[in-house]
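Let's take a friendly walk through a protein model, one piece at a time. Keep the picture open beside you as you read.

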2 protein chains.
Amino acid sequence: MKLRRSERMVVISNYLINHPYELTSLNTFAEKYESAKSSISEDIVIIKRAFEEMEIGNIETLTGAGGGVIFTPSISDAESKEIVQNLCNQLSESNRILPGGYIYLSDLLSNPKILNNIGRIIAKAFRDQKIDAVMTVATKGVPLANAVANVLNVPFVIVRRDLKITEGSTVSVNYVSGSSGDRIEKMFLSKRSLKAGSRVLIVDDFLKGGGTISGMVSLLAEFDSELAGVAIFADNASARSKDLFDHKSLLRVTNIDVAENKIDVEIGNIFDKS
Amino acid sequence: MKLRRSERMVVISNYLINHPYELTSLNTFAEKYESAKSSISEDIVIIKRAFEEMEIGNIETLTGAGGGVIFTPSISDAESKEIVQNLCNQLSESNRILPGGYIYLSDLLSNPKILNNIGRIIAKAFRDQKIDAVMTVATKGVPLANAVANVLNVPFVIVRRDLKITEGSTVSVNYVSGSSGDRIEKMFLSKRSLKAGSRVLIVDDFLKGGGTISGMVSLLAEFDSELAGVAIFADNASARSKDLFDHKSLLRVTNIDVAENKIDVEIGNIFDKS
């Protein structure tokens, strides 16, 4: 379809936003929008500048026969920090405390806008890593993993705590259940859900004992895959897990006072320079 | 930040794409990009035309003091049908048959691009309905519900088959388990996860007996909420569920032959005019 230049720029930027981390040749655009490759090339320069000025992301141009453009989404530090500070305030609300000192998170982790923002922030924090898949454990981690995988444009893999017929053959490992301290439980991953040799980013909602994460790390070994990093929505400052493995957290819960109905939350280590 | 017109159009279209179903005043853009409201107005006209020509979506302009623009994402019929036909072919692959006649779907439902496309197609099919939330049952429905909620920019609600401490107070209903025929099981929904008076779109991966959907419908009544519609990734042609309630399906499995290792799949009723 033939479009005016201004319209063409709108639809090319829409295309790039919806195809992150994908190489698209300029010829594809030239054919699609019935324009000269040189015009498309000029469009890309303008889009690139706009994306960079607003920190929407970067556009890389690869020259040569197999060349084209790749869009990598980003988010500005200012916007990231404002989003995390906002989440910090929401998590501090006293009505989130559940019996047993648990924290209600489901409203935050079922809001598409929040999830999308979290996905962009986590993806940016791991932008130097090659990531082939995002892994999480059912159920609460799923929307988070989905959000990060969405930005990275890679599949996500769901580990289960129960065996489902619809998953086919599975591999299982034992792990120490975080909530109950020293109970040993099993987690399962469908054999065909992860290719050997994958570099995997593990994502979860809350980190307390670290048993679930350790379980997923041992599953990675069973699948001849490698850990690319661990990202957590909220971790617990008192958790001994911080000694077990490196992770990046958006939020850190420093204190839960059930008697006083008070949660203290601060920004996690995701913005720390390592 | 002051931008050139062409750059401004790129960032305004990016903003609209990331804020579907949201009213944004022209003043917001005028202040953000240090431009006259009349220039923004002209930009919107061009973006609107480009979005409509490529069927990316519609931009509605509301005039008056509380006015602004609202972007509603869409997808062309041609693209929708190509996507669903493609899914049809993938679902027909013989290696998906699991013992017991189950079908392996997890690879399709963990691919961000597929999920995003499904989300757009389902959202378009229900565009005449007011929808306040999307509901599904854990675990496999979650990425689907997430994808639809993402496009509609509404929260999603996860019904569970087991009781979790981290959900706080829950409401439970009994339902007839689809897979086992006549076993009665329980499903749970956190009390604070759904506001009274919500209009809810139910989304699930596979429809066989319809027991799970009926369970969710009875949960809606417990939450003084209303059913806006039912969307299913794949339904089973032989299911008696089609007599129980209206639903829209992307795919229809007409036959599973475990002995011959063969699945017959056709396009569901989502494109039928009702």
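Strand β6 of chain B is joined to strand β10 (residues 199–207) of chain B by three bridges, and the two run parallel. Strands count as paired here if DSSP finds at least two bridges between them. Within β10(B), B:Val200 is the bridge partner of B:Ala133. Four bridges also link β6(B) to strand β7 (residues 156–159) of chain B, again running parallel, and in β7(B) the bridge partner of B:Met135 is B:Val157.

Buried means under 20% relative accessible area, exposed means over 50%, and partly exposed lies in between, using a 1.4 Å probe and protein chains only. B:Ala133, B:Met135 and B:Val137 point one way from the strand, while B:Val134 and B:Thr136 point the other way.

## How the model is described

This is a predicted model, in which local features need pLDDT of at least 70 and side-chain atom pairs count only at pLDDT 80 or more, while totals for chains, interfaces and linings use all residues. Residues are numbered from 1 along each chain as its sequence is written, chains are lettered from A and ligands numbered from 1 in the order in which they are written, and side-chain values use heavy atoms, leaving out hydrogens and water.

Helices (H or I, at least four residues) and strands (E, at least two) are DSSP runs, numbered from the N terminus.

## The sheet in chain A

Now look at chain A, where six strands form an open sheet in the order β7-β6-β10-β11-β12-β13, with mixed pairing. Strands β7 (156–159) and β13 (262–267) stand at the edges with a single partner strand each, so one side of each is left without a neighbour in the sheet. From one strand to the next, the twist averages 25 degrees.

Inside this chain, β6 (residues 133–137) and β10 (residues 199–207) pair in the parallel sense over three bridges. A:Ala133 stands opposite A:Val200 in β10(A).

## Two copies

What rotation superposes chain B on chain A? The answer is 180 degrees, with 0.0 Å of shift along the axis and an RMSD of 0.0 Å; the superposition is by least squares on the C-alpha atoms of residues with pLDDT of at least 70 in both copies. The two copies are thus related as by a two-fold rotation axis. The same surface serves both copies, as 100% of the contact residues of chain B recur in chain A. Contact means heavy atoms within 4.5 Å.

## A helix and a loop residue

Helix α1 (residues 5–18) of chain B has 14 residues and reaches 20 Å from its first C-alpha to its last. Eleven of the 14 residues are buried, so α1(B) is largely enclosed by the rest of the structure. Among them are B:Met9, B:Val10 and B:Tyr15.

B:Phe126 lies in the loop between α5 (112–125) and β6 (133–137) of chain B. At 7% relative accessibility, B:Phe126 counts as buried. B:Phe126 and B:Leu201 are 75 residues apart in sequence, yet 8.7 Å apart in space, C-alpha to C-alpha.

## Nonpolar cores

In soluble globular proteins, nonpolar side chains tend to be buried together. The largest nonpolar core here has 89 residues, and A:Phe233, A:Leu251, B:Phe233 and B:Leu251 have the most contacts inside it. Such a core is a set of buried Ala, Val, Leu, Ile, Met, Phe, Trp, Tyr and Cys residues joined through side-chain atoms within 4.5 Å. A second, separate core of 44 residues includes A:Ile56, A:Val69, B:Val11 and B:Ile44.

Terms used. The expected span of a helix is 1.5 Å times one less than its number of residues. Axes are lines fitted to C-alpha atoms, for helices over the stretch in contact, and angles run from 0 to 180 degrees between N-to-C directions.
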